Amino acid sequence: MKISRISVWRKTLPLRKPYWFSGGRLKVDSLDSTFVRIDTDEGVQGWGEGCPWGHSYIPAFGGGMRAAIELLAGTLIGEDPRDIGRLNRAMDSCLPGHPYAKAPLDIALWDIAGQLAKVPLFQLLGGAEGDSVPVNSSISTGSPEEMIALIEAARAQGYRTHSAKVGGEDPDLDIARIEAIEAARAPEEFITYDVNRAWTPDLAVTVMNSVSARGWFEQPCETLDQCTRLRRHVTQPIMLDECLQDFQDHLTAWREDACEGVKVKPNRLGGLTKARQARDFGVAVGWRMHVEDVGGTVVADTAALHLALSTPAEHCLASWLCQAHLIDDPAPGKGARNRAGLVALPEEPGLGVAPDEAWLGEPFAIHESPAP
Ligand code: MG
């Protein structure tokens, strides 16, 4: 079996509401998503999606992804799609770094592998650890009242875990936000305060030592070293997200005792192959994790949630679905969906969801020839 064609689509995904994070210094109102379909000479097709959260969240952007895919396609066409590890190494030899650009290609290879094995992806990734994965909301930065209103709306949809976006230059405002949210928190709810690297270490020490919240604080400062040093001065558990770009970063975070948990995101790490490696490492060292993707439609959500479902429940806190923030839906009713706070995964072989090609429209590019 050989890869015969790689088709690429670009779609702009407007958000239902503008989304503010990192203390209001970053704003996103639409996402630039890239869909990939890998065709084989035996008729099996695999789908993947890569969707950075805008272009200012991590070192990734849609234009870079599509340019890199043009380069990477030559390393894949003519190769056996079942050789996922070897093809990942070939992509890394062709283009070191740029993990986000490889993610949709890697996910499409896994979709093909699942279809050939006639099992849903979660089974290839380790097997289901339960019937469903709990979902967490994502609460945009705003005034305490605005953020509590968003939490109440999420609660009505079944969410019991919330990721509240805080962080900024005014520690008093962050303290007020966090204390108000803690006061409004229902007894069975969990809140993660996601700072998205907005605090300098001194602000982080000030805020975290002033609030009553004793749960997770996520990516409080810009760098891994800053977060590691901060951890010596605070008592709350720390989760790392944006500063983990590759497996080496995970090793460093563990060796330096930088955190108690991490976000595992296929699009940030380079696809399901590398996200699984990070997930398995996290299980081995005892981390707690959120397994979800950086952004995208139900296609990206479903790929990440297959990995979440195959993560031992004691290590898998919850997963976010980006689809809840989007106006468009390329596969209504299909794939990973929030049902009163829980997500079950499709039982069809492979990814179990594909975008409607009429919705996708004309391809951005079609790659068919192997590299010269
Ligand atoms: Mg985060």
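Tutor: Start with Glu 218. Glu 218 is buried, with a relative accessible area of 0%. Buried means under 20% relative accessible area, exposed means over 50%, and partly exposed lies in between (1.4 Å probe, protein chains only). Keep in mind that this is a predicted model: local features need pLDDT of at least 70, side-chain atom pairs count only at pLDDT 80 or more, and totals for chains, interfaces and linings use all residues. Residues are numbered from 1 along each chain as its sequence is written, and side-chain values use heavy atoms, leaving out hydrogens and water.

What coordinates the magnesium ion? Asp 194 (OD), Glu 218 (OE) and Asp 241 (OD) do, at 2.0 to 2.3 Å. Donors are N, O and S atoms within 2.8 Å of the metal (3.2 Å for Na, K and Ca); water is not among the atoms, so sites may look incomplete. Along the chain, the donors of the magnesium ion follow the spacing D-x23-E-x22-D. Two of them link distant parts of the chain: Asp 194 belongs to strand β7 (residues 190-194) and Glu 218 to strand β8 (residues 217-218), 24 residues apart. Helices (H or I, at least four residues) and strands (E, at least two) are DSSP runs, numbered from the N terminus. Asp 194 also counts as buried, at 1% relative accessibility.

Now step along from β7. Asn 196 sits in the loop between β7 and α7 (201-208). Its phi is near 50°, a positive value in a residue other than glycine. Most residues other than glycine have a negative phi. At 1% relative accessibility, Asn 196 counts as buried.

Glu 189 lies in the loop between α6 (171-184) and β7. Buried or exposed? Glu 189 counts as buried, at 1% relative accessibility. Setting aside residues up to four places away in sequence, Glu 189 touches Arg 155, Tyr 159, Arg 160 and His 162. Contact means heavy atoms within 4.5 Å. Glu 189 and Tyr 159 are 30 residues apart along the chain, yet their C-alpha atoms are separated by 8.5 Å.

Next, another buried residue. His 250 is part of helix α9 (residues 247-255). His 250 counts as buried, at 0% relative accessibility. Beyond its neighbours within four places in sequence, His 250 contacts Leu 244, Leu 269, Ala 278, Phe 281 and Trp 287.

Last, the helices. Helix α2 (residues 84-94) packs against helix α3 (residues 99-117) at an angle of about 165°, with the axes 11 Å apart. So α2 is roughly antiparallel to α3. Axes are lines fitted to C-alpha atoms, for helices over the stretch in contact, and angles run from 0 to 180 degrees between N-to-C directions. Angles under 35 degrees count as roughly parallel, over 145 as roughly antiparallel, 65 to 115 as roughly perpendicular and the rest as oblique. On the α2 side, Ile 84, Leu 87, Asn 88, Met 91 and Asp 92 make the contact. On the α3 side, Lys 102, Leu 105, Asp 106, Leu 109, Trp 110 and Ala 113 do.

Pick out Leu 87, in helix α2. At 0% relative accessibility, Leu 87 counts as buried. Leu 87 and Leu 109 are 22 residues apart in sequence and 9.3 Å apart in space, C-alpha to C-alpha. Leaving aside neighbours within four places in sequence, Leu 87 contacts several residues, among them Ile 3, Thr 75, Leu 76 and Leu 109.

The loop between α2 and α3 holds His 98. His 98 has a phi near 50°, a positive value in a residue other than glycine. His 98 is partly exposed, with a relative accessible area of 39%.

Helix α1 (residues 62-76) also packs with α3, at an angle of about 55°, with the axes 9 Å apart. α1 and α3 are therefore oblique to each other. From α1, the contact uses Gly 64, Met 65, Ala 68, Ile 69, Leu 72 and Leu 76. From α3, Tyr 100, Ala 101, Lys 102, Pro 104 and Leu 105 take part.
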